[in-house]
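User: I'm new to this one and keep running into labels. Could you walk me through where they come from?

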Amino acid sequence: MPAIIEDNKYVELTYQVIDKKTGSVLTQVEFPVGYVHGANEVLSPAVSAELKGKAVGDIIEVPIDCNELYGPRDESLVVTDYIENVPEEYREVGTTITMENAKGETKSFLVTRKDDKTLTIDGNNPLCGREVIFRLEIIEVRDATDEEIEAGGKLDEGPNLEGSLRKLH
């Protein structure tokens, strides 16, 4: 009988984030993401609940209203400035710029538009205001080792993809 996802199982999966309205893939992972079910908060509770009881080869789709996660778009977080006021390394569309306010709090802005004279950055989450489908395919399910349970995932992890998951959820 195939192993099913439950607490303290090591799970590897791939995922895509699909725009519900257009059907286009907004984000997908190149390498499988590994985690220990129930041992960490990599995935949102709604996604974890859907994964419980599933097995290798299962594909689940979880609709997510990003308005609930991130709130409505805040147009005050969209800033356009003259391009010469922006350091050269930040002048490409798609670049993330981390800024700090007077209190020392940081916020990430994404360069969203550029022309000959101006550059526009947006501090809203890129999924803000969208309804998406989080589509996950389960690649591996097995008993986690004590060390993996402690760490919440594989110990010899390659690229750290946790950051991208947190941004999505």
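User: Let's begin with N8. What makes N8 partly exposed?

Analyst: N8 has a relative accessible area of 38%. Buried means under 20%, exposed over 50%, and partly exposed in between, using a 1.4 Å probe and protein chains only. Since 38% falls in between, N8 is called partly exposed. A quick word on the source: this is a predicted model, where local features need pLDDT of at least 70, side-chain atom pairs count only at pLDDT 80 or more, and totals for chains, interfaces and linings use all residues. Residues are numbered from 1 along each chain as its sequence is written, and side-chain values use heavy atoms, with hydrogens and water left out.

User: Where is N8 found?

Analyst: N8 is in the segment before β1. Strands here are DSSP runs of E with at least two residues, helices are runs of H or I with at least four, and both are numbered from the N terminus. N8 also has a positive phi of about 65°, although it is not a glycine.

User: Why do C66 and C128 count as buried?

Analyst: Buried needs a value under 20%. C66 has 1% relative accessibility, so C66 counts as buried. C128 has 6%, so C128 counts as buried too.

User: What makes a group of residues a nonpolar core?

Analyst: The group has to be a set of buried Ala, Val, Leu, Ile, Met, Phe, Trp, Tyr and Cys residues joined through side-chain atoms within 4.5 Å. The largest such core has 22 residues, and L13, Y15 and F134 are among those with the most contacts inside it. β9 gives the most to this core, with five residues. A second, separate core has seven residues, including I83 and F109.

User: Why are β5 and β6 called edge strands?

Analyst: Two strands pair if DSSP finds at least two bridges between them. The open sheet runs β5-β8-β7-β6 with antiparallel pairing, and β5 (78-82) and β6 (96-100) each pair on one side only.
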